[in-house]
Amino acid sequence: MKRRILSVSLVFFLLASCSGSKNTVTTQKKIIPNEQSFANTITASELKTHLTIIASDDMEGRDTGSKGQKKAGNYLIAQYKKMGIPFPKGAESYYQNVPAEFMNKEYDEHLPDSENIWAFIEGSEKPDEIIVVSAHYDHVGMKNGVVYNGADDDGSGTVALLEIAQAFQKAKEQGQGPKRSILFLHMTGEEHGLYGSSYYSEHPLFPIEKTVADVNIDMIGRRDNRHSDSNYIYLIGSDYLSSDLFTICEEANAKFTQLAIDYKYNDRKDPNRFYYRSDHYNFAKHRIPVVFLFNGTHADYHKETDDVDKIEFDALSKRAQLGFTIAWELANRPTRIVVDKSGN
Ligand SMILES: [Zn+2]
């Protein structure tokens with residue numbers, strides 16, 4: 001036993017001396033980290049750590065206004081505090097209260113008050129221009145005592161936001177913070193009718209005309225039965241309002257993540273109408289360009305079996321990296337993306 005340890009240390013010693021001598025002949029060149037290196041801080045293992053908590057039975061399926069949802073919200077806020085990312089300027093806390101009256105006005109629902117959660121990285125050059133990165137953190141709760149964990153819907157987007165925020169914060173700490181500001185928005189009430197995003201769009205913290213784009217993530221941890229592997233993503237809406245946004249998404253993917261972009265559901269005539277079915281729509285209706293990142297539906301969609309053990313974390317991490325690099329370009333390009341006149 002002991003001898004084995006000794007010989008291993010000897011190998012390490014030799015390796016260390018070799019690499020040491022190599023270093024002395026290499027010229028000292030400072031490597032400037034780029035967006036790729038920050039994207040690489042988004043890892044499958046960290047996503048798994050977060051999602052194992054967000055989609056645990058403890059969160060009771062995160063129904064809007066429930067104890068479990070609030071618990072999940074507390075976890076998110078604790079992460080932002082740990083990362084050193086504050087709530088937005090002009091807000092009083094990490095919460096935007098979404099009143100029950102707002103959610104219950106259209107339908108005969110009886111939802112209690114609940115909260116959107118927001119965090120903010122201020123831009124270094126154009127702080128008034130806002131990029132929104134969004135995902136809903138509510139799910140459908142419990143039915144007959146069974147917890148619907150919503151690991152993919154939308155635990156996957158929820159934890160992707162945490163990792164994207166961390167990547168931007170690390171960039172900022174190394175003097176490469178975003179030039180425009182980034183608002184991380186965790187929406188409530190999505191499953192009941194996109195209420196959180198609807199409320200935000202009617203009570204925006206920053207002016208609508210200063211809101212450059214919304215990158216919305218809802219279900220990116222699984223694959224559907226149209227694909228034999230998970231190296232793909234559906235993008236929806238990217239060319240509806242801004243051809244600049246379409247190009248940014250294409251180029252970010254070609255340069256970094258190289259996923260197969262599937263535009264099947266981008267067809268306006270697609271009967272699934274996914275464009276209208278997640279939070280980005282409440283930005284698009286105000287003519288803010290949006291892109292929706294989505295893996296399609298699967299057998300566990302809105303079932304009690306949407307669990308963490310079925311998540312493909314490598315795919316989740318790549319798709320989150322794509323979200324990050326799209327947001328990076330939106331935040332850092334010299335000119336703000338243009339909203340096309342003909343866009344609809
Ligand atoms: Zn969803």
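Trainee: How many of the 8 residues of helix α8 (residues 195-202) are buried?
Mentor: This is a predicted model, where local features need pLDDT of at least 70, side-chain atom pairs count only at pLDDT 80 or more, and totals for chains, interfaces and linings use all residues. Residues are numbered from 1 along each chain as its sequence is written, and side-chain values use heavy atoms, with hydrogens and water left out. Helices (H or I, at least four residues) and strands (E, at least two) are DSSP runs, numbered from the N terminus. Buried means under 20% relative accessible area, with a 1.4 Å probe and protein chains only; α8 is largely enclosed by the rest of the structure, because its buried count is 7 of the 8.

Trainee: Is I121 buried or exposed (over 50% relative accessible area)?
Mentor: I121 is found in strand β2 (residues 114-121). Its contacts (heavy atoms within 4.5 Å) include I85, F168 and F184. Its relative accessibility is 1%, so I121 counts as buried.

Trainee: Which parts does the pair D153 and D218 tie together?
Mentor: D153 is buried, and D218 is too. The two sit 65 residues apart in sequence, so the pair links separate parts: helix α6 (residues 151-173), and the loop between β7 (211-217) and β8 (232-236).

Notes
Lists of a residue's contacts leave out its neighbours within four places in sequence.
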